[in-house]
Amino acid sequence: MGSRIPTHQLSNGLYVSGRPDTPKERPPTMASRSVIYTGGDVKKSGELGKMFDIPFSDAPPPLKPSRTSSSSQHNSGSVRSGANSAPPTQSNSSSGPMKKTSGPLTPLAPTGLITSGLLGSGPVGSTRRSGQLEQTLSMKATYGSAVTKLGAEGVRVGFRVSKAVVWLFLVVASMGLLVAAFLAVAVKKMVIIPVAAGLLVPVILAGLWNWGLRRRGLLGFVRGYPDAELRSATDGQYVKVTGVVTCGSVPLESSYQRLPRCVYVSTELYEYRGWSGKSANPKHRCFSWGIRHAENYVADFYISDFQTGLRALVKAGYGAKVSPLVKASTVVDVPKEKKEMSPGFLRWLAERGLSSDDRIMRLKEGYIKEGSTVSVMGVVRRHDNILMIVPPLAPVSTGCQWPRCLLPTNVEGLVLACEETQDADVVNV
């Protein structure tokens, strides 16, 4: 007895023998979800936040696509027919949206370290190194605490004469003139007054001579002081070291000429005042030049001794007292009969909020570039095999210079002397 062979129809209309295949139940594919790093924040930890009654957001954060999940989608992402198979759009959406990077790539810092944020960005109290040069939109350089900002008065040189001695001399001179006048009236010889005045004239001339040549006397003291060897210098010894300088951790840049890698920069704007002109500062006298604006900075740097070749760190930054003896050169000269000024000088004035009205101005700039020969006078300090030159605690006396008829003067802090010529082209505007 023959048995009937079962047949079934395919989807294309053909009839084939055999029973149809029963479709197998396939488990739904689940995309792997990465664990969110909470960073110690209880609000992002879900159940842990409920234990401490801390409110948290139920909205899950967007997931970052992983390379494993994306590869699994490519392997099993072919479109399958069937009731239990999901459409391709659902399988792709389960892996999370693609996270786009916001902003440009972070540039590499000069130190080679990869840090977050743009170079030089962030507030003043950020983790940026103190003293790093900040370039604002106006291209005006501002420095942190690692750079010492010097005053506009320059080097402070004082005489080693107490105020009591000065007042005593004035009282004695006044009494001498009064006695001479009394004797001239009593004896009726007026020649006594010119004789008494003639005795005071040399003293007054000597005081004026020393006051006018006090800076030149300091330069003579620096030139005549012998150079010391750093190898044999003891801790706490006051020395003079001459050698080539190199920048420290914070190089400086000149304000107007934009000269890079300097250890000392100075930019000063002078104005001439006539009989009825505008004063540049409260102490500006008539028929003289006065400082209207000054930018003087100095930072820590290294000096290599010419005699021994040793390298020492000069601690000139962080508010140290420094007396620079650097001759500035004129870079811009604005005469009275000016017609129009250069765009660079006008931009420099506008960045500092200075007016460019009818004034006779002169811009001077001085600097000590890396590789210059400099003489440094300070105190030697040795700490953990580190050789340093620091400012002295007390003012240093220059001593009497009898060939020049100069009295002793005092100078404070480190003394930086650079006598190299600074070739600067004067721009007449």
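**Close-up views of a predicted model**

**View 1. Surroundings of Ile368 in the predicted model.** Leaving aside neighbours within four places in sequence, Ile368 is in contact (heavy atoms within 4.5 Å) with Val245, Cys262, Val263, Tyr264, Val326, Val374 and Cys418. Residues are numbered from 1 along each chain as its sequence is written, and side-chain values use heavy atoms, with hydrogens and water left out. Because this is a predicted model, local features need pLDDT of at least 70 and side-chain atom pairs count only at pLDDT 80 or more, whereas totals for chains, interfaces and linings use all residues.

**View 2. The largest nonpolar core.** A nonpolar core is a set of buried Ala, Val, Leu, Ile, Met, Phe, Trp, Tyr and Cys residues joined through side-chain atoms within 4.5 Å, where buried means under 20% relative accessible area, exposed over 50% and partly exposed in between (1.4 Å probe, protein chains only). The largest one has 27 residues, and those with the most contacts inside it are Phe301, Ile303, Ile368, Val376 and Ile389. Among the elements that give two or more residues to this core are β7 (238-247), β12 (322-326) and β19 (414-418), strands being DSSP runs (E, at least two residues) numbered from the N terminus. The largest share, 4 residues, comes from β7.

**View 3. Strand β12 and its partner β19.** All 5 of the 5 residues of β12 are buried, so this strand is largely enclosed by the rest of the structure. Val322, Pro324 and Val326 point one way from β12, while Ser323 and Leu325 point the other way. β12 and β19 pair (at least two DSSP bridges between them) in the parallel sense over 5 bridges, and Val326 stands opposite Cys418 in β19.
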